[in-house]
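Please consider the structure shown below together with its sequence.

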Amino acid sequence: MKKLSLKGRHLLSISDLSIPEIELILKTARTIKKNPKKFASALKGKNLGMIFQKPSTRTRVSFEVAMYQLGGQALNLTSNELQLKRGETVADTARVLSRFLDAMTARVFSHNDVLELAKYGTIPVINALSDYEHPCQALADVLTILEHKKTVKNLKITYIGDGNNVAHSLVLAVVKLGGYIQVATPKGYEMQDSLIQTAHKICKQTGGKLVVSHDPQATADQADVIYADVWTSMGQEEEHKKRLADFQGFQINSDLLTRAKKDCIVMHCLPAHRGEEITDEVVDGPNSVVWDQAENRLHAQKALLYLVLK
């Protein structure tokens with residue numbers, strides 16, 4: 001049997017990964033997390049370029065530290081520092097950076113930019129967040145669920161909030177692994193139809209299940225996992241007041257948490273807008289695994305980098 005390998009692969013969407021490949025990344029993440037010193041020189045001499053069109057805390061730091069702890073190095077490349085700001089095309093940027101680097105990550109506004117980087121570059125490209133997906137976040141999310149719940153199957157996983165890039169990747173990861181996920185959004189803030197259709201096709205293959213609704217209260221009933229994200233993402237600041245009004249009733253608070261199972265875990269990809277999508281008593285409460293989840297960005301991405309570059 002041919003050995004499973006991700007060497008040289010792009011990660012633009014969770015859809016790019018087969019079930020065995022997701023399982024391989026998660027298994028590798030657990031192995032590296034348990035014994036990081038064993039991998040301290042695994043990527044010695046390797047260079048990762050990190051393109052950021054948007055601000056970043058967890059993504060930038062976790063990727064940079066991941067490369068350092070694996071023996072390689074990461075270069076932070078903001079739009080202001082690249083010739084992209086002065087009109088160089090994404091395609092030409094990909095061609096040039098491919099001559100210097102071993103891999104690229106990109107946090108961009110338009111998903112088309114990561115697609116172009118992958119099309120015209122000759123090195124692996126990792127989507128570090130686009131307007132359509134956030135696959136690295138989803139890998140860390142599933143890793144966190146497995147650590148606390150041992151499985152993704154037989155759980156009721158609930159996402160409440162905006163049907164955004166985080167929701168897209170989380171849904172794909174859960175249904176790929178045969179899990180059951182519910183997504184409750186206000187009307188007008190649903191996930192994209194193309195993503196929902198893709199998820200339903202995956203469900204037919206894996207036995208997973210996706211339910212979408214506009215009722216956060218019912219969606220929280222007997223939930224094993226409740227997941228929140230900001231109501232206003234980067235680039236949507238002008239919509240903030242309208243979104244505050246539209247998302248009333250979708251806050252993760254102690255009242256809503258009483259509808260979930262007592263051992264329900266609460267997740268948030270951060271940054272949290274405390275008092276909006278989640279309250280202090282929940283994010284800092286006994287059900288919260290938010291900080292484990294944040295840390296797992298490092299371990300999931302170390303696994304991904306190791307598998308793609310080793």
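The sections below set out the basis of the model and then its features in turn.

## Basis of the description

This is a predicted model, in which local features need pLDDT of at least 70, side-chain atom pairs count only at pLDDT 80 or more, and totals for chains, interfaces and linings use all residues. Residues are numbered from 1 along each chain as its sequence is written, and side-chain values use heavy atoms, with hydrogens and water left out.

Helices (H or I, at least four residues) and strands (E, at least two) are DSSP runs, numbered from the N terminus.

Two packed helices are described by the angle between their axes and the distance between the axes. Here, axes are lines fitted to C-alpha atoms, for helices over the stretch in contact, and angles run from 0 to 180 degrees between N-to-C directions. Angles under 35 degrees count as roughly parallel, over 145 as roughly antiparallel, 65 to 115 as roughly perpendicular and the rest as oblique. A crossing is left-handed if the near helix is turned anticlockwise from the far one by less than a right angle, and right-handed if clockwise. Contact means heavy atoms within 4.5 Å.

Helix H5 (residues 135–149) and helix H6 (residues 165–176) have axes that come within 8 Å and cross at roughly 50 degrees; H5 and H6 are therefore oblique to each other. The crossing of H5 past H6 is right-handed.

## Nonpolar cores

A nonpolar core is a set of buried Ala, Val, Leu, Ile, Met, Phe, Trp, Tyr and Cys residues joined through side-chain atoms within 4.5 Å. Buried means under 20% relative accessible area, exposed over 50%, and partly exposed in between (1.4 Å probe, protein chains only).

The largest nonpolar core has 69 residues, and Ile181, Leu210 and Leu305 have the most contacts inside it. Helix H12 (residues 290–309) supplies the largest share of this core, 9 residues. Another core, of 21 residues, lies apart from it and has Ala228, Cys264, Val266 and Val290 among its members.

Glu21 is found in helix H1 and is buried, with a relative accessible area of 8%. Its side chain reaches the backbone nitrogen of Ser18 at 2.9 Å. Beyond its neighbours within four places in sequence, Glu21 is in contact with Leu4, Leu6, Arg9 and Asp16.

Asp229 lies in the loop between strand S8 (225–228) and helix H9 (240–246), and counts as buried at 4% relative accessibility. A polar contact (a pair of N or O atoms within 3.5 Å; within protein, one must be able to donate a hydrogen and the other to accept it, and residues adjacent in sequence count only if both atoms are side-chain atoms) of 2.8 Å joins the side chains of Asp229 and Asn164.
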